[in-house]
Amino acid sequence: MPTKAEKQHYAKVASIGCSLCRYLGYGESPPELHHIRRAGKRSNAPVIPLCPEHHRGNTGIHGMGRKRFESEYKITEEELLEQTESLINASA
Ligand SMILES: [Zn+2]
Ligand SMILES: [Zn+2]
């Protein structure tokens, strides 16, 4: 169960739109939240916003797999996370 602070964070993440669409210059698309899996704790997995296509679609991170996704778009999940966090911090 997400805590109240996590819910607020998720709402902020969602409010900035798909991070890949933004990176590619497509503008803001309403996103879903993608959890970044790291070794260890699952509960505090960081999230990035991805639109349904870039999340679960054929050109998305789950559809292509993370490695292909990262080489296709020349950006890593971690870089999308950094971009997301700096946008959130800038708007706070
Ligand atoms: Zn997108
Ligand atoms: Zn996901």
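The model is a prediction, in which local features require pLDDT of at least 70 and side-chain atom pairs count only at pLDDT 80 or more, whereas totals for chains, interfaces and linings use all residues. Residues are numbered from 1 along each chain as its sequence is written, chains are lettered from A and ligands numbered from 1 in the order in which they are written, and side-chain values use heavy atoms, with hydrogens and water left out.

The zinc ion (ligand 1) is coordinated by Cys 18 (SG), Cys 21 (SG), Cys 51 (SG) and His 54 (ND1) at 2.0 to 2.3 Å, donors being N, O and S atoms within 2.8 Å of the metal (3.2 Å for Na, K and Ca), with water not among the atoms, so that sites may look incomplete. The angles among the four donor atoms of this ion are 104 to 115°, and the site is tetrahedral, a label given to four donors if all angles lie between 85 and 135 degrees. For four tetrahedral donors the ideal angle at a metal is 109.5 degrees. Along the chain, the donors of the zinc ion (ligand 1) follow the spacing C-x2-C-x29-C-x2-H. Distant parts of the chain are linked here, since Cys 21 lies in helix α2 (residues 19-24) and Cys 51 in the loop between β2 (47-50) and α3 (52-56), 30 residues apart; helices (H or I, at least four residues) and strands (E, at least two) are DSSP runs numbered from the N terminus. Cys 21 has a relative accessibility of 5% and counts as buried, as does Cys 51 at 8%, where buried means under 20% relative accessible area, exposed over 50% and partly exposed in between (1.4 Å probe, protein chains only).

The zinc ion (ligand 2) is coordinated by His 34 (ND1), His 55 (NE2) and His 62 (NE2) at 2.0 to 2.1 Å, with the donor residues spaced H-x20-H-x6-H in sequence. Within this site, His 34 in strand β1 (residues 32-35) and His 62 in helix α4 (residues 61-64) are 28 residues apart and link distant parts of the chain. His 34 is buried at 4% relative accessibility, whereas His 62 is partly exposed, with a relative accessible area of 46%.

Strands β1 and β2 run antiparallel and are joined by four bridges, strands being paired if DSSP finds at least two bridges between them; the bridge partner of His 35 in β2 is Val 47. Both faces of β2 are covered, with Val 47 and Pro 49 buried on one side and Ile 48 and Leu 50 buried on the other.

A search of the whole structure finds one aromatic pair. The ring centres of Phe 69 and Tyr 73 are 5.0 Å apart and their planes are at 70°, so the pair is edge-to-face; rings of Phe, Tyr and Trp (its six-membered ring) pair if their centres lie within 6.5 Å, with planes under 30 degrees apart counted as stacked, over 60 as edge-to-face and the rest as tilted. Phe 69 and Tyr 73 are four residues apart in helix α5 (residues 66-73), a separation of about one helical turn, and both residues are buried.

Notes:
Tetrahedral: all angles 85-135°; square planar, octahedral: opposite > 155°, others 65-115°.
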